[in-house]
Every structure is written in structure tokens, then in C-alpha cells.
Amino acid sequence: MFEHVQKRHRVFFVYIGGESPLKEKYIDAASELIVYTYFFSASEDVVPEYVILKEMPAVLVFKDETYFVYDEYEDGDLSSWINRERFQNYLTMDGFLLYELGDTGKLVAIAVIDEKNTSNEHTRLKSIIQEVARDYRDQFHRDFQFGHMDGNDYINTLLMDELKVPTVVVLNTSNQQYFLLDRQIGSAEDMAHFIRDILDGTVPAQGGDSILQRLKRIIFDAKSTIVSIFKSSPLMGCFLFGLPLGVISIMCYGIYTADTDGGYIEERYEVSRSEIESQEPGEDSKEQEPSDGATLGPTVQEPKDVLEKKKD
């Protein structure tokens, strides 16, 4: 039955032993992560002879034609360890898988290549990553996940830059940091040395999830969306962005012209009001003349000296 399970599943976990607190933790972790991987329990005589157990009970993961034993002191919480080890050591990457790997806390070393390109440079980088994942498994499997990705479109959105292909990039999917090669990779040993420098902190991390990086990402995503819309459908892009701009322009023009007409009407109203006020004294004098007992006949002009005295 063990051989049958091993043929059917590339990754599976096995609890070996009797009743214990470790088994209770294992059952709880299995209940939580059963949708992602496979869990079994067995007695010690079921596992192959090449499996060496230093103590019992134990939890093992079988993958990549080998096995790893859970160590509570080195690996920490059992559920976290299972979540980290539920992936094969080398994978074909895509956006969904990178999103899932973000929960593991591992760094992801990716050979970004063009699978349609069969040149030596593309195949060489892929084989180097595969060799490191296989030959340096015991050194790096706790901290690193390895794989390759076809094309750089998704990586460009993470890095907010145009990544040259083929190349190798190391991603920290939990905080969006990344590491780019600072040397020429010619062999698996060169790649292993580069990984050790990342773990030691010698290679500086780029990107991240700071406020500035988030603002840059918002601008980059908006720009990328607009460009992709116009590339895929120019007419649709003109309609989506031209219509709102046209409506806003008409509204601004209407507001501006409404203010201008209002000022003109108010000015005309002030002028008409001043004219009416200037005419009112003359009309009052005309109305008062009959009440003073003056005749309606023609008025006699008074002498000039009399007028000047009146004026004084």
C-alpha cells in the first residue's frame, strides 16, 4: 500500500508511531491542510528500509525521490513545517503558484526563460537551477524553493521593470522583495554561492512593500492597464477614456460660462438701478411744481445777477 501511495502522489506526509501529543498535532494540521496535500499514518515496519528514524514517533514527508523528517527544534510549528514542505523542490512557476508560495516564507529562485527558445543560454540556466535544487537540497530546502517560468510578463509586474530574458531572479513573495544576479552564473556552484550571499545578507534586496513602493506600484499598475487597453482595443480605449474627459470638459465649460453670464446680468442690473435713481429727483420736481401754485405757462428767465446770487 505504501508503494501504491508513493506512485500516485508526488508529495505526501506520514505519521509513524502510536498515540502521542505529536499525533494530535498531526491530526489537527491534517484537518487544516487536507485540501492542499495528502496525509497518512503507518507503523514503522511499513516504511522502506532506506528510511532511518532516530526517534519515535515521527512525521515524514516523501517527495523528490527522498524524504525529510520533522524536527520540532529546527522546524518549529508542525503546521508551518507542513505548509512549507507541501511543494516539490523544483516546480514550473506561474502567478497562482507564486501567490501560494508567499505563505511558506521561502525565497523562490526562478530561471526566467523562453521555453520556445532552444538556445544554449536558455537551457543552461534551467539546468543549473535544477541541479542546485537536486544537489544542494539538504542545504537550501528549508529556505528556498526552485523553479523556472516561461516568459517575463508576470515577473515584470512584480519588479515594475523590464527583466532581461534569460536570467535568474530570487523573489521573496511574502514582502515583494527581490534579488538580481550580481555575477555571471556559469555553474551550479556559482548559483549556490549567490544563494549563500543572499542568506548572509551580502546581496542587497530591492523592491519591498514600503509606502513609496506601494505608490509606485499603483502608478505602474494604472499605466500598465491603460497601455494594455489601448494595445488590445484602441477604439474601446478612446471610448473609455474619451467619454469621461468629454463630460468633464463640458461641465467645466458650463460652470465657467454660467459665472460669466451671471456677472454680466448683475452688472446690467446695477447700471439700470443707477439710471433709475438719477431720474427720480427730476420727476419729483416736476410733480411738486403744480402744488406750489405756479402757473402752467412758459417760465420767465430770471436775470443773470439774480441767478448768481441764488447760486451763492
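Everything shown comes from a predicted model.

**View 1. Helix 4 and what covers it.** What lies over the buried residues of helix 4? The cover includes strand 1, strand 2, strand 3 and strand 4, along with helix 2 and helix 3 (72–75). The buried residues themselves are L78, S79, W81, I82, N83, R84 and E85. That is 7 of the 8 residues of helix 4, so this helix is largely enclosed by the rest of the structure. Buried, by the way, means under 20% relative accessible area.

**View 2. Helix 2 meets helix 4.** Here helix 2 (residues 21–33) packs on helix 4 (residues 78–85) at an angle of about 50°, and their axes are 9 Å apart. That angle makes helix 2 oblique to helix 4. The crossing of the two is right-handed. On the helix 2 side, the contact is made by L22, K25, Y26, A29, E32 and L33, while helix 4 brings L78, S79, I82 and N83. Sorted by type, the residues of this contact come out as 6 nonpolar, 2 polar and 2 charged.

View 3. Now look at the open sheet with the strand order 2-1-3-4 and mixed pairing. Strand 2 (39–42) and strand 4 (66–69) sit at the edges with a single partner strand each, so one side of each has no neighbour in the sheet. On average, neighbouring strands of this sheet are turned by 30° against each other, direction ignored. Strand 1 (residues 12–16) pairs with strand 2 in the parallel sense, over 4 bridges. Look for Y15, whose bridge partner in strand 2 is S41. Helix 4 turns up again in this view: it lies across strand 1, strand 2, strand 3 (58–63) and strand 4, and runs at about 10° to strand 3.

View 4. Strand 6 (residues 107–113) and strand 8 run antiparallel and are joined by 6 bridges. V169 is a handy landmark: in strand 8, V169 stands opposite I110, and V169 also stands opposite L180 in strand 9. Strand 8 (residues 167–172) and strand 9 (residues 177–180) are antiparallel too, with 4 bridges between them. These two strands form a hairpin with 4 residues between them, and Q176 in the turn has a positive phi of about 65°. Moving on, 2 bridges join strand 9 to strand 10 (residues 206–207), and this pair runs antiparallel. Here Q177 stands opposite G207 of strand 10.

Note on methods: Residues are numbered from 1 along each chain as its sequence is written. This is a predicted model: local features need pLDDT of at least 70, side-chain atom pairs count only at pLDDT 80 or more; totals for chains, interfaces and linings use all residues. Side-chain values use heavy atoms; hydrogens and water are left out. Two strands pair if DSSP finds at least two bridges between them. Axes are lines fitted to C-alpha atoms, for helices over the stretch in contact, and angles run from 0 to 180 degrees between N-to-C directions. Angles under 35 degrees count as roughly parallel, over 145 as roughly antiparallel, 65 to 115 as roughly perpendicular and the rest as oblique. A crossing is left-handed if the near helix is turned anticlockwise from the far one by less than a right angle, and right-handed if clockwise. Contact means heavy atoms within 4.5 Å. Ala, Val, Leu, Ile, Met, Phe, Trp, Tyr, Cys and Pro count as nonpolar, Asp, Glu, Lys and Arg as charged, and the others, Gly among them, as polar. Buried means under 20% relative accessible area, exposed over 50%, partly exposed in between (1.4 Å probe, protein chains only).
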